[in-house]
Amino acid sequence: MPTRGKEREAQAERQTARKPPTAGRQHGKPTPIVPPSNVQSRALMAVIAIMAFLACLTLGAVSMVRATATSWQGGISREVTIQIKPAEGRDMNQALLTARDVALQFVGTIDGQVVDEAATERLLEPWLGTGLDFDELPVPRLVIVTIDENNPPDFSAMAEALQGAVPGAYLDDHRAWVNRLSAMADATTTIGASIMALVFSAMVLTVVFATRGALSGSRDIVEVLHFVGAEGSFVARQFQNHFLNVALKGAFLGGGMACLFFVAARFWQSRFLATPGADQATALFGTISIGWGAYAGILLTIVIIAALTTLTARLTVIRTIREIDRIRSDPARTDTL
């Protein structure tokens, strides 16, 4: 009987030795190495929320600009314009009809529409006012030809045919505008990606300093745990779980604020659609709304921020523990972390 009692005590001691050491206990649960809530954690959560808001705002803005540019490109690439200037002795209406008929002879054209005098007057009304006399003013007239985007016509041959049928007719295929819009969309994407890279870099540096600050506050506990046999991965897991919790709260807060911003902007635009300010904003940026793809991108950004914060905290802790080992293995060193 005494022998069995000693065996049970020895087995209990071995099981206790296998358990990872903890910093202490509170209400029957292990006390975390990093305090779950303190001033540093709240400050870091605020910083991550701001970074997430800026990153998600940039992502939504780039998505909105690209969608607007794509819409403009689609509208421009579906049409070409024939411009005919007035000339002495020219029957303008007959010249417009002739130009339309010549354009529609080419494969790849779908429809042609002559812009009449009333529509032309509406186009020029902001600059020249109403009541224009087209017999007195040398105002060019337009023919809008709808083309097949997948099978466009030969624009060079069409321009030559128009010059032969209606001297002075000018064909505008809008390619210059399409190229400019493509360049603008690419530049916007590059700028947005650069801003997001800067935001992520600043966030990583902030997490590094916050992690080292938390390690400094718990340095004695970390050294004791590591000395009695706790592996670096165990200590790093305690810190990464803490920073993951902080990062998720901050990232969701910042991402939610960005979503609310776009919803509020869309509501403002729809509410004040007839005002000059809303009209100018619509002319510059189009409809202030983002699609489900952008919202999915915001959610992905939140996940990336949380993962990046967790990984940064883990790598910082492991690097710090290795530095502790190097300091302890060299008695001649007197520096501290």
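Helices (H or I, at least four residues) and strands (E, at least two) are DSSP runs, numbered from the N terminus. The views below show a predicted model, in which local features need pLDDT of at least 70, side-chain atom pairs count only at pLDDT 80 or more, and totals for chains, interfaces and linings use all residues. Residues are numbered from 1 along each chain as its sequence is written, and side-chain values use heavy atoms, with hydrogens and water left out.

**View 1. Gly112 in strand β4.** Gly112 sits in strand β4. Its relative accessible area is 13%, so Gly112 counts as buried. Buried means under 20% relative accessible area, exposed means over 50%, and partly exposed lies in between (1.4 Å probe, protein chains only). What does Gly112 touch, leaving aside neighbours within four places in sequence? Gly112 is in contact with Arg100, Leu104, Ile144 and Val145. Contact means heavy atoms within 4.5 Å. Leu97 is 15 residues from Gly112 along the chain, and the two C-alpha atoms are separated by 9.4 Å.

View 2. Helix α3 covers residues 92–104, 13 residues in total. From first C-alpha to last it reaches 18 Å, close to the 18 Å expected at 1.5 Å a residue. That expected span is 1.5 Å times one less than the number of residues. Which residues of α3 are buried? They are Met92, Ala95, Leu96, Ala99, Val102 and Ala103. Seen down the axis of α3, these buried residues fall within an arc of 130°, so they line one face of the helix. The arc is that of the directions from the helix axis to the C-beta atoms. The buried residues of α3 pack against β3 (79–84), β4 (109–114), β5 (141–147) and α5 (155–165).

**View 3. Thr81 in strand β3.** Thr81 lies in strand β3. Is Thr81 buried or exposed? With a relative accessible area of 15%, Thr81 is buried.

**View 4. The largest nonpolar core.** A nonpolar core is a set of buried Ala, Val, Leu, Ile, Met, Phe, Trp, Tyr and Cys residues joined through side-chain atoms within 4.5 Å. The largest one here has 35 residues. Met203, Val235, Phe239, Ile305 and Val317 have the most contacts inside it. Which element gives the most? That is α8, with 11 residues. Look next at Met203, leaving aside neighbours within four places in sequence. Met203 is in contact with Ile48, Met51, Ile305, Leu308 and Thr309. A second, separate core has 18 residues, including Val80, Leu96, Val102 and Ile147.

**View 5. Salt bridges.** A salt bridge is a side-chain nitrogen of Lys or Arg within 4 Å of a carboxyl oxygen of Asp or Glu. Side chains of opposite charge can pair when their charged atoms come close. How many salt bridges does the whole structure hold? The search finds 2. In one, the side chains of Asp186 and Arg66 meet at 3.8 Å, N to O. Asp186 lies in helix α6 and Arg66 in helix α2, so the pair ties together parts 120 residues apart in sequence. Asp186 is partly exposed at 45%, and Arg66 is partly exposed at 34%. Another salt bridge joins the side chains of Arg100 and Asp101 at 3.6 Å, N to O. Arg100 is partly exposed at 25%, and so is Asp101 at 38%.

**View 6. Aromatic pairs.** Rings of Phe, Tyr and Trp (its six-membered ring) pair if their centres lie within 6.5 Å; planes under 30 degrees apart count as stacked, over 60 as edge-to-face and the rest as tilted. The count comes to 2 aromatic pairs. Phe261 and Phe262 form an edge-to-face pair, 5.6 Å centre to centre, with 75° between the planes. Phe261 is partly exposed at 42%, whereas Phe262 is buried at 4%. The rings of Trp292 and Tyr295 have centres 5.9 Å apart and planes at 50°, so this pair is tilted. Trp292 and Tyr295 are 3 residues apart in helix α10, which means about one helical turn separates them. Trp292 is exposed at 76%, whereas Tyr295 is partly exposed at 26%.
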